[in-house]
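Here is a walk through one structure.

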Amino acid sequence: MAGNYPHELSGGMQQRVAIARVLANEPSVLLMDEPFGALDALTRSSLQVELSRIHKTTGTTVIFVTHSIEEAVFLADRVVVMIGGASRGILGYVKEIVKVPRELERDVNSPAFNEIKKQISDLVHGDDAS
């Protein structure tokens with residue numbers, strides 16, 4: 001891989017390189033806007049695990065924007081649920097901040113994981129008037 005040009009790398013490898021380039025600067029905060037959105041499911045899952053490992057190792061604060069509720073619960077300590085308000089003439093707003101316990105088993109099949117996922121899904125898909 002070291003001898004390849006960037007355009008010759010897979011999408012997953014390009015994302016790994018991009019993350020490595022940013023981490024080389026030892027940032028205290030890392031802002032990631034839908035970084036895994038265009039990846040296949042297996043690569044996405046692999047990078048989620050890798051990002052979680054990097055966060056635990058470096059302590060870098062990560063602000064991660066995603067439309068995937070499962071991804072948010074897997075990676076986050078807190079999920080900020082934002083609701084669009086264009087139909088009411090506003091840009092959007094924070095509906096609720098859901099805390100994800102650090103001790104939560106990050107297993108997408110666990111009941112506790114799915115309970116938090118359902119809570120967030122209900123907020124996202126519920127009545128926006130609340």
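The largest pocket is lined by 29 residues. Those nearest its centre are F64, A76, R78, V79 and V80. Helices (H or I, at least four residues) and strands (E, at least two) are DSSP runs, numbered from the N terminus.

This is a predicted model: local features need pLDDT of at least 70, side-chain atom pairs count only at pLDDT 80 or more, and totals for chains, interfaces and linings use all residues. Residues are numbered from 1 along each chain as its sequence is written, and side-chain values use heavy atoms, with hydrogens and water left out.

The volume of the largest pocket is about 1,200 Å³. On a 1 Å grid over the protein atoms alone, a pocket is an open set of points where a 1.4 Å probe fits, with protein on both sides within 12 Å along at least five of seven lines; lining residues have an atom within 4 Å of a point. Points are joined across faces, edges and corners, and the volume is the space filled by probe spheres set on them.

Now the loops. E26 sits between α1 (11–23) and β1 (29–33). Its phi is near 50 degrees, a positive value in a residue other than glycine.

E34 lies in the loop between β1 and α2. E34 is not a glycine, yet has a positive phi of about 50 degrees. With a relative accessible area of 26%, E34 is partly exposed, the class between buried (under 20%) and exposed.

Notes
Buried means under 20% relative accessible area, exposed over 50%, partly exposed in between (1.4 Å probe, protein chains only).
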